[in-house]
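I opened the notebook to write down what I looked up, one topic at a time.

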Amino acid sequence: LSKPSQVGSGQKLGSRNLIDETSDIEDLLKEEEDYKEEKNDPTETSVTEDNEEDDDTREELGGLFRVTQPDRECKHKADSLDCSRFLVEAPHDWDLEEVMNSIRDCFVTGKWEDDK
Amino acid sequence: MATQAHSLSYAGCNFLRQRLVLSTLSGRPVKIRKIRARDDNPGLRDFEASFIRLLDKITNGSRIEINQTGTTLYYQPGLLYGGSVEHDCSVLRGIGYYLESLLCLAPFMKHPLKIVLRGVTNDQVDPSVDVLKATALPLLKQFGIDGESFELKIVRRGMPPGGGGEVVFSCPVRKVLKPIQLTDPGKIKRIRGMAYSVRVSPQMANRIVDSARSILNKFIPDIYIYTDHMKGVNSGKSPGFGLSLVAETISGTFLSAELASNPQGQGAAVLPEDLGRNCARLLLEEIYRGGCVDSTNQSLALLLMTLGQQDVSKVLLGPLSPYTIEFLRHLKSFFQIMFKIETKPCGEELKGGDKVLMTCVGIGFSNLSKTLK
């Protein structure tokens with residue numbers, strides 16, 4: 001079950017693939033050629049000389065090259081299924097009395113607050 | 001548009017619908033690059049192309065450009081027009097996939113939208129039409145979208161892979177939305193459900209009902225699960241069955257859960273008893289998460305709060321879904337709005353898990369294209 005605290009840490013990941021720009025439609029295709037492949041396939045590790053990226057997950061090779069280790073989660077997220085359903089990742093065992101009691105007061109049959 | 005607004009740029013096919021919906025509402029063009037660029041089968045899929053065609057049908061003056069491989073999409077939104085529309089949805093996704101976005105856009109049309117959607121009414125991926133009817137419509141009513149013409153009707157049921165279902169959705173237009181204050185979900189007074197079966201024995205639905213009741217009866221006696229067995233042309237092209245459950249509280253909150261059988265020819269056969277029990281457990285999970293809006297409709301509620309009058313709106317939610325978290329980021333980039341997010345720990349109370357209180361001031365969006373009568 002995802003805790004609200006994850007909201008903050010996840011926010012950094014997503015903002016990376018958002019670029020505000022003022023481009024025209026005409027150079028739609030032209031820009032595509034200029035567009036650099038920043039994140040490569042997660043299965044391969046490539047060597048690049050680009051030092052401008054502020055990716056934390058990189059090591060230096062001989063003080064000259066940097067090994068990119070693209071963020072797997074980010075890459076996976078960009079092209080995954082567009083679905084609004086919130087799947088249950090760690091289901092409770094609803095046969096246990098203790099688990100059943102954890103939602104007991106959500107029902108009219110449960111305990112009511114004094115002021116109601 | 002005379003002056004072109006700054007366009008926003010994204011990468012990847014995920015969250016395509018929310019990007020296009022927010023683009024349409026805000027008037028800001030979007031460019032989406034690298035759509036499955038590294039896939040063996042790159043570019044937009046049929047169901048996404050169908051979604052873009054649907055957007056084109058309900059708007060006037062939209063400009064859509066897609067490159068040759070389908071990996072880049074440029075969308076400059078037109079005006080929301082509405083009116084009577086028909087659309088054949090792709091059977092790769094449920095009608096819910098399309099309907100979710102229509103629910104976001106319909107209140108802001110020039111003319112009230114009345115749309116016939118054909119395709120898959122119930123599948124394992126998207127919220128079914130039954131669940132949206134039972135949860136999203138009451139939610140829209142909280143914002144003042146109401147009236148006789150507000151309805152979602154299932155004419156034919158269609159299961160994957162064949163589809164063949166048909167629904168009619170009509171929605172009135174509003175100039176402004178009411179702010180909401182939903183901070184107390186209230187206690188659950190009853191559970192309703194719909195067990196459906198098409199092109200299989202009608203007995204399947206009865207077997208689902210019995211098994212789901214056996215679990216839910218431990219919590220509350222007021223349970224009624226309708227059985228729906230559509231016949232002939234109304235049963236679509238593929239066999240299947242499933243269950244949707246909705247828990248209703250005394251203050252009008254609806255929490256839902258659903259399950260559908262595996263599509264014909266895919267995966268092992270599912271026993272109706274197992275499906276009923278598992279669906280009941282999913283509803284208990286949803287009740288554990290809790291909040292005033294169920295997890296599938298979180299983003300719809302947050303959108304309508306954003307677009308409300310310039311007044312404070314509050315809503316108590318369960319844990320935010322990944323889809324909602326991304327939606328909040330998108331709301332920030334399209335409407336420069338940020339929500340105040342406060343966690344409400346569950347403490348000693350027997351009311352499920354931690355909750356989140358979301359607060360914002362609406363941007364005072366008003367539907368200028370609505371015609372005055």
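How many of the 373 residues of chain B count as buried, in percent? I looked this up and got 61%. I note that the model is a predicted one.

**Chain B as a whole**

I found eight helices and 18 strands in chain B. Then I looked up its accessible surface, which comes to about 13800 Å², with 50% of that belonging to carbon and sulfur atoms. For contacts in chain B with a separation of 6 or more, I noted that 74% are between residues 24 or more positions apart.

I wrote down a general point before going on: in soluble globular proteins, nonpolar side chains tend to be buried together. The largest nonpolar core here has 86 residues, and B:Leu20, B:Leu25, B:Phe169, B:Val315 and B:Leu331 touch the most other members. Helix H3 (residues 95-105) of chain B gives this core its largest share, eight residues.

I picked B:Val315 and listed what it touches, leaving out residues up to four places away in sequence. Among its contacts are B:Ile180, B:Leu182, B:Cys292, B:Met305 and B:Met358. Another core, of 33 residues, lies apart from the largest one, and B:Leu216, B:Phe241, B:Leu243 and B:Leu283 are among its residues.

**Salt bridges**

Side chains of opposite charge can pair when their charged atoms come close. I counted through the structure and got 22 salt bridges over all chains. I looked at three of them.

Entry one is the pair B:Glu258 and A:Arg85, whose side chains meet at 2.9 Å, N to O. B:Glu258 sits in strand S15 (residues 254-260) of chain B, while A:Arg85 is in the loop between helix H3 (72-78) and helix H4 (97-101) of chain A, so this pair joins two chains. I checked the burial of B:Glu258 and A:Arg85, and both are buried.

Entry two is B:Asp88 with B:Arg118, where the closest N and O atoms are 3.2 Å apart. B:Asp88 belongs to strand S7 (residues 82-88) and B:Arg118 to strand S8 (residues 111-119), both of chain B, so I wrote down that the pair links distant parts of the chain, 30 residues apart. Is B:Asp88 buried or exposed? Its relative accessibility is 51%, and the cut-off for exposed is over 50%, so B:Asp88 counts as exposed. B:Arg118 has 27% and therefore counts as partly exposed. I also found that B:Asp88 and B:Arg118 are part of a network of salt bridges with B:Glu86, B:Arg156 and B:Glu166.

I noted B:Glu326 and B:Arg329 as buried.

**Helix H4 of chain B**

Last, I checked the length of helix H4 (residues 129-142) of chain B. At 1.5 Å a residue, its 14 residues should span 20 Å, and the end C-alpha atoms are 20 Å apart, so the two values agree. Where does H4(B) bend? I found a bend of about 25° at B:Ala136, with a proline, B:Pro138, following within four residues. B:Ala136 is also one of the buried residues of H4(B), which include B:Val129, B:Leu132 and B:Leu140. After H4(B) comes B:Gly144, and I noted its positive phi, near 90°.

Terms used:
Residues are numbered from 1 along each chain as its sequence is written. Chains are lettered from A and ligands numbered from 1 in the order in which they are written. This is a predicted model: local features need pLDDT of at least 70, side-chain atom pairs count only at pLDDT 80 or more; totals for chains, interfaces and linings use all residues. Side-chain values use heavy atoms; hydrogens and water are left out. A salt bridge is a side-chain nitrogen of Lys or Arg within 4 Å of a carboxyl oxygen of Asp or Glu. Buried means under 20% relative accessible area, exposed over 50%, partly exposed in between (1.4 Å probe, protein chains only). A nonpolar core is a set of buried Ala, Val, Leu, Ile, Met, Phe, Trp, Tyr and Cys residues joined through side-chain atoms within 4.5 Å. Contact means heavy atoms within 4.5 Å. Accessible areas come from the Shrake-Rupley method with a 1.4 Å probe; for residues, only the protein chains shown count as cover. The expected span of a helix is 1.5 Å times one less than its number of residues. The bend at a residue is the angle between axes fitted to the seven residues ending there and the seven starting there.
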